[in-house]
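User: I'd like to learn how to read a protein model step by step. Could you walk me through one?

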Amino acid sequence: KGKRAPSAYNLFVKANMSKYLADNKGKTNKDAMVHIGAIWKDAPENPNRGKEPAAKKAKAPKRSAKKADTDDEGNEGPQVEPNSDE
């Protein structure tokens, strides 16, 4: 399977990352990505420019390890019976 071509966003970041870091000495890559992401929102290269962002789906809450041993009613899972040889 061949390598996928870079997206418009990937190309935009590549073109703007080094310029931003050169112009803003002491800034981190995280700061650069925040800035470039904000510019991307209204950039002419952005195929989704002017559209509302897609709604994010709510994540289902994860069950904690403590609750994993109980069912939905809070009852504990199956109990191990003692061996009859004991």
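User: Let's start with a helix. How many residues does α2 have, and what distance does it reach from its first C-alpha to its last?

Analyst: Before we count, keep in mind that this is a predicted model. Now to your helix: α2 has 13 residues and reaches 18 Å from its first C-alpha to its last, close to the 18 Å expected at 1.5 Å a residue. As for the rest of the chain, there are two helices and zero strands.

User: Which residues of α2 are buried?

Analyst: The buried ones in α2 are A32, I36 and W40. They sit on the same side of α2, because they cover an arc of only 70° around the axis. If you turn to the face pointing away from that buried side, you'll find the exposed residues K30, V34, A38 and K41.

User: What covers the buried residues of α2?

Analyst: The cover includes α1. You can look at F12 for some detail: leaving aside its neighbours within four places in sequence, F12 is in contact with I36, I39, W40, A43 and E45.

User: How do I read a nonpolar core, and which residues make up the largest one here?

Analyst: The general idea is that in soluble globular proteins, nonpolar side chains tend to be buried together. In this model the largest nonpolar core has eight residues, namely F12, V13, M17, Y20, A32, I36, W40 and A43. Both α1, which spans 8–23, and α2 supply at least two residues each to this core. The largest share, four residues, comes from α1.

User: What about charged residues? How many salt bridges does the count come to?

Analyst: Here's the general idea: side chains of opposite charge can pair when their charged atoms come close. In this case the count comes to one salt bridge. D23 forms it with K19, and the closest N and O atoms are 4.0 Å apart. Both residues lie in helix α1, four residues apart, which is about one turn of the helix.

User: Are D23 and K19 buried or exposed?

Analyst: D23 counts as exposed because its relative accessibility is 55%. K19 also has 55% relative accessibility, so K19 counts as exposed.

User: Why does N46 count as buried?

Analyst: N46 counts as buried because its relative accessibility is 9%, and buried means under 20%.

User: One more residue, then. Where does P53 lie, and is P53 buried or exposed?

Analyst: P53 lies in the segment after α2. With 65% relative accessibility, P53 counts as exposed.

Key
Residues are numbered from 1 along each chain as its sequence is written. This is a predicted model: local features need pLDDT of at least 70, side-chain atom pairs count only at pLDDT 80 or more; totals for chains, interfaces and linings use all residues. Side-chain values use heavy atoms; hydrogens and water are left out. Buried means under 20% relative accessible area, exposed over 50%, partly exposed in between (1.4 Å probe, protein chains only). A nonpolar core is a set of buried Ala, Val, Leu, Ile, Met, Phe, Trp, Tyr and Cys residues joined through side-chain atoms within 4.5 Å. Contact means heavy atoms within 4.5 Å. The expected span of a helix is 1.5 Å times one less than its number of residues. The arc is that of the directions from the helix axis to the C-beta atoms. A salt bridge is a side-chain nitrogen of Lys or Arg within 4 Å of a carboxyl oxygen of Asp or Glu.
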